[in-house]
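This report describes selected packing features of a predicted model.

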Amino acid sequence: MVFAILQRLAQMVFVMVGISMLVFLIFFATPGVDPAARIAGRNASPEVLEAVRISFGFDQPFYIQYLTMMQKIFVTGDLTSFVNRGWKVVPAVLDTIPVTLSLVFGAAVLWVVFSVIIGVVAAACRDRWPDKLLMILGLIGISMPVYWLGEVMNLLTQSRFKDTWFLGWVPPLGYVPFSESPKGWFLALVIPWITLSILYIGLYARVLRASITEALQEDYIRTARAKGLSETRILLVHALRTSLIAFVTLFGLDFGALVGGSALLTEVVFGLQGVGKLTYDALQNLDLPVIMTTVLYASFFVVMANAVVDVVYILLDPRVRSA
């Protein structure tokens, strides 16, 4: 098992190197395009263009350009945004990571816990009224766009019921660092967590319910029943464990994408300056150093999330260990 885990971690490193090369090729090695002009931005003076060429080594061979860029991002951290007049890109991205991680981790805890509970209860009561009611509620959750639900939440918590005892504890929009005030951090993110998680609770609950229902028809479940095991034990120990494989697969993809910036709409609605919002602003200004850094950051979390999923596979299904 240890060898299988190390093998998947090594694969993650190779994938990240390949992604970094591909991203660099797309942004700065397009034939017929001056990469210095892309970095310097619109209407850059000849002096600025020359400074960019020297700073990024664009007068050197291709592999030197690539190594220089990677060094600026991962080693020295002195990658500069010329569009924003000397703005240090890596520190700016690092400042937004805690915001996005706080948002996504909290929402992930909510959607995992509630979707497992709902999925298990629905599977245990399949084809009866609790199952149908829970699946209808899940479908409603899936159908509500995040930006619409977020605006509704803001209308309720920031305007209509702001001064009531029920929602008076909700602070103004924005992010409070955990190091500054753990209580303020929690209160500022509760509503964004709920908003982001509702979609995934409905989706994951339906997926888990379908997986458990299918697992309950398998031969090993019939064998467990023949041995006299209780239905609760069969459901929670045997059927749920194998059904979590599809659940974990979906979670790895969604979690990595959200941490990588897909939580943009939630960040914008609730005034959170996360990675998604930073990437959006950089796209508006065509700030390529910022865009490249956030793309590499996003790809790292997507690859890492998939590597963690592979490790969880090994723990859930012994057959994967020899694959």
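## Packing of α6 against α8

Helix α6, spanning residues 129-143, packs against helix α8, residues 182-215, at an angle of about 140°, and the two axes lie 7 Å apart. The arrangement of α6 relative to α8 is therefore oblique. In passing α8, helix α6 makes a left-handed crossing.

On the α6 side, the contact is made by D131, M135, G138, L139, G141 and I142. Their counterparts in α8 are I198, L199, G202, L203, A205, R206 and R209. By residue class, the contact of α6 with α8 comprises 7 nonpolar, 3 polar and 3 charged residues.

Helix α5, which covers residues 89-124, contains T96. Is T96 buried or exposed? Its relative accessible area is 5%, under the 20% limit, so T96 counts as buried.

When residues up to four places away in sequence are left aside, T96 touches Q273, G274, V275 and L278.

## Aromatic pairs

The model holds 14 aromatic pairs. One of them joins F24 and Y66 in an edge-to-face arrangement, with 5.8 Å from centre to centre and 75° between the planes. F24 belongs to helix α1 (residues 2-28) and Y66 to helix α4 (residues 62-75), so this pair ties together parts of the chain that are 42 residues apart in sequence. F24 and Y66 are both buried.

The pair formed by Y204 and F247 is also edge-to-face, because the ring centres are 5.1 Å apart and the planes stand at 80°, where an angle over 60 degrees is required for that class. Y204 is part of helix α8, whereas F247 is part of helix α10 (residues 231-262), so the pair ties together parts that are 43 residues apart in sequence. Both Y204 and F247 are buried.

## The aromatic cluster

Which residues do ring pairs link into a cluster? The members are F105, W111, Y200, Y204, F247, F251 and F255.

Terms used
Residues numbered from 1 in each chain as written. Predicted model: local features only at pLDDT ≥ 70, side-chain atom pairs only at ≥ 80, totals over all residues. Heavy atoms only, no water. Axes fitted to C-alpha atoms, helices over the stretch in contact; angles between N-to-C directions. Helix = DSSP H or I, 4+ residues; strand = E, 2+ residues; numbered from the N terminus. Parallel < 35°, antiparallel > 145°, perpendicular 65-115°, else oblique. Left-handed = near helix turned anticlockwise from the far one by under 90°. Contact = heavy atoms within 4.5 Å. Nonpolar A, V, L, I, M, F, W, Y, C, P; charged D, E, K, R; others polar. Buried < 20%, exposed > 50% of the residue type's maximum accessible area, 1.4 Å probe, protein only. Phe/Tyr/Trp six-rings, centres within 6.5 Å; stacked < 30°, edge-to-face > 60°.
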